[in-house]
Amino acid sequence: IPVKYKDVAGDFLVSTSFPPLNLAPSTFHIRQNFEQKYGPMTPLAAYGYAAAQVAIAVIKRGAAADRLAAGRALNYATEYDTIIGPLTFLGTGDPQDPNVYFYTIKNGNWAYVQAAHRSTFVLK
């Protein structure tokens, strides 16, 4: 995505919870299938997809047949592999130790720098 104010932005370092999916090999087939059917995967679509992945995993792992059972199953400190990376939740429903990804502007485009917590999810 070209940056409109690239000359003014200079050496900004921007943090976001959205990973560079193009550098995450485990997402390749999911993104390819999604984009063939629906077009480019936006951050909103990626988070929606991840939410569905978590819900499906909770139902499968906990044999949750209703909302209460699904809520109980989410309270277990279980890691869920999603398109936006591995997620674990606290009892309050908040992500446990979420990752943050840093970007800067190079040659007028966003460029990935690194993750706050390095992992094998993103190659770099």
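About 40 Å³ of space lies in the largest cavity (on a 1 Å grid over the protein atoms alone, a set of points where a 1.4 Å probe fits but cannot get out). The model is predicted, so local features need pLDDT of at least 70 and side-chain atom pairs pLDDT 80 or more, while totals for chains, interfaces and linings use all residues. Residues are numbered from 1 along each chain as its sequence is written, and side-chain values use heavy atoms, without hydrogens and water.

**Cavity**
- The structure holds one cavity of 30 Å³ or more.
- Residues lining the largest cavity (an atom within 4 Å of a point) include Asn99, Tyr101, Tyr112 and His117.
- By class, this lining of the largest cavity has four nonpolar, three polar and two charged residues.

**Second largest pocket**
- The second largest pocket (an open set with protein on both sides within 12 Å along at least five of seven lines) has a volume of about 480 Å³.
- Its lining has 22 residues, with Pro86, Leu87, Asp97, Pro98 and Asn99 nearest the centre.
- Helix H3 (43-62) gives the most to this lining, with four residues.
- The lining of the second largest pocket comprises twelve nonpolar, seven polar and three charged residues.

**Phe12**
- Phe12 lies in the loop between helix H1 (6-9) and strand S1 (14-16); helices are DSSP runs (H or I) of at least four residues, and strands (E) of at least two.

How values were computed. Grid points are joined across faces, edges and corners, and a volume is the space filled by probe spheres set on the points. Ala, Val, Leu, Ile, Met, Phe, Trp, Tyr, Cys and Pro count as nonpolar, Asp, Glu, Lys and Arg as charged, and the others, Gly among them, as polar.
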